[in-house]
Amino acid sequence: MKFIFFLSSFILLISCSKQPNKLEGETKLSYYYWKTTFELDSIEKQSIQELNVTKLYMRYFDVVMQNDVAIPISPILFKEKVSEGISIVPVVYIKNEVMLRNNINLQALAQKIVHFIKQVNERNALSITEVQFDCDWSLQSRENFFTLIEEIKKIEQWKVSSTIRLHQIKYAEKTGIPNVDHGVLMYYNMGSIAADSLNSIYDRNIANKYIAYIKGYPLRLNYALPIYSWLIQSRKGKVVRMISRIRLEDVSANDAFKLVNAKQFEVVKTGDYFGQFFRQGDLIKIESITSEQLLEMKKDLLKVSNACPNEIILYDLNSKNINSYEKEVFKELITCK
């Protein structure tokens with residue numbers, strides 16, 4: 001009996017020693033595409049090719065309330081064909097206000113959403129196997145959102161994924177967990193958009209209050225990381241507006257803006273810039289993510305999860321975003337170590 005016990009222990013020890021390290025190997029790199037028109041420039045095409053990207057998570061349309069009715073709006077327009085070897089995952093953005101409606105017909109809405117997705121696919125000769133739903137559901141809206149997913153799954157046999165926010169990870173028992181194949185943790189938009197010097201896109205101190213709960217989260221997660229930037233315009237301490245896809249070099253090159261400190265510019269000449277009106281004395285700041293922060297995000301996520309995700313999805317595919325980073329940074333992101 002002792003021999004059998006020691007033999008069993010020895011076999012167990014050998015088998016355990018052969019178990020691969022969860023943090024070894026590589027993950028896949030994908031992109032979100034978040035424009036209303038699909039048309040890639042040469043930089044975007046080159047990035048897809050160099051990084052071996054084979055999947056685009058593409059915003060297909062939004063679901064909003066109009067005239068007290070929940071409807072899909074603003075479908076994406078394809079100006080070119082999707083290259084062979086690239087699979088498309090439609091992303092449907094659903095405003096939380098839609099899911100907050102108590103009298104909403106979820107079965108009818110599910111049929112509308114599926115029909116709209118199929119229309120886009122048929123017009124552009126696209127075939128899909130997965131859809132993703134993006135909704136920042138709350139305690140009050142979770143039941144409707146989860147039920148909508150179930151209704152959609154009854155209609156089509158697509159794989160279904162859902163975006164997940166940090167607060168939905170930490171308070172999973174309260175916010176609930178959608179019945180989907182996997183989730184995508186949106187690792188950005190962590191703070192309030194404000195006139196001060198804080199970066200609302202990413203704050204490691206805020207993130208650290210939540211990410212310890214990832215390991216115990218029962219849904220398999222992939223990670224969406226930010227490579228975008230935006231301009232925040234403020235007047236007398238209050239935010240006036242936010243303008244997407246504006247970077248530091250765009251502001252620095254314009255003599256209407258004067259650098260006043262490491263974080264802010266002052267408008268010294270009233271006028272229209274970046275398609276919006278700016279008044280002399282307004283303050284603006286650019287929020288973006290450095291290469292070091294991107295790698296820091298990956299390191300922190302791998303550390304708390306102790307697992308290599310199937311995918312890291314960069315938000316979003318845009319030549320200005322791509323040109324702001326060395327391609328080696330993106331390649332390092334997919335190495336799990």
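Helices (H or I, at least four residues) and strands (E, at least two) are DSSP runs, numbered from the N terminus. The model is predicted, so local features need pLDDT of at least 70 and side-chain atom pairs count only at pLDDT 80 or more, while totals for chains, interfaces and linings use all residues. Residues are numbered from 1 along each chain as its sequence is written, and side-chain values use heavy atoms, with hydrogens and water left out.

Serine 234 has valine 239 as its bridge partner in S12 and leucine 283 as its bridge partner in S17.

## Surface patch at valine 239

Valine 239, in strand S12, is partly exposed at 36% relative accessibility. Together with Ile193 and Met242, Val239 forms a nonpolar surface patch with about 210 Å² of accessible area. Patches are made of residues with over 30% relative accessible area and no salt bridge, like charges being joined within 9 Å and nonpolar side chains (Val, Leu, Ile, Met, Phe, Trp, Tyr) within 5 Å. Accessible areas come from the Shrake-Rupley method with a 1.4 Å probe, and for residues only the protein chains shown count as cover.

## Salt bridges

The count of salt bridges is 18, each being a side-chain nitrogen of Lys or Arg within 4 Å of a carboxyl oxygen of Asp or Glu. Aspartate 282 and arginine 235 form one of these, with their closest N and O atoms 2.8 Å apart. This pair links distant parts of the chain, 47 residues apart: arginine 235 lies in strand S11, and aspartate 282 in the loop between strand S16 (276-278) and S17. Aspartate 282 is buried at 1% relative accessible area, whereas arginine 235 is partly exposed at 22%.

Arginine 59 and aspartate 62 meet in a salt bridge of 3.2 Å, N to O. Arginine 59 is buried, with 4% relative accessible area, and aspartate 62 is buried with 18%. In helix H5 (residues 142-155), lysine 154 and glutamate 151 are 3 residues apart and therefore separated by about one helical turn. Their side chains form a salt bridge at 3.4 Å, N to O; lysine 154 is exposed at 63%, but glutamate 151 is buried at 15%.

## Helix H2

Helix H2 (residues 42-50) has Glu44, Ser47 and Ile48 as its buried residues. Seen down the axis of H2, these fall within an arc of 100 degrees, so they line one face of the helix; the arc is that of the directions from the helix axis to the C-beta atoms. Ser42 and Gln49 are exposed on the other side of H2. The cover over the buried residues of H2 includes strand S1 (28-33), strand S3 (55-66) and helix H11 (319-323).

## Whole chain

The chain has 12 helices and 18 strands, and 47% of its 337 residues count as buried.

Key: Two strands pair if DSSP finds at least two bridges between them. Buried means under 20% relative accessible area, exposed over 50%, partly exposed in between (1.4 Å probe, protein chains only). Contact means heavy atoms within 4.5 Å.
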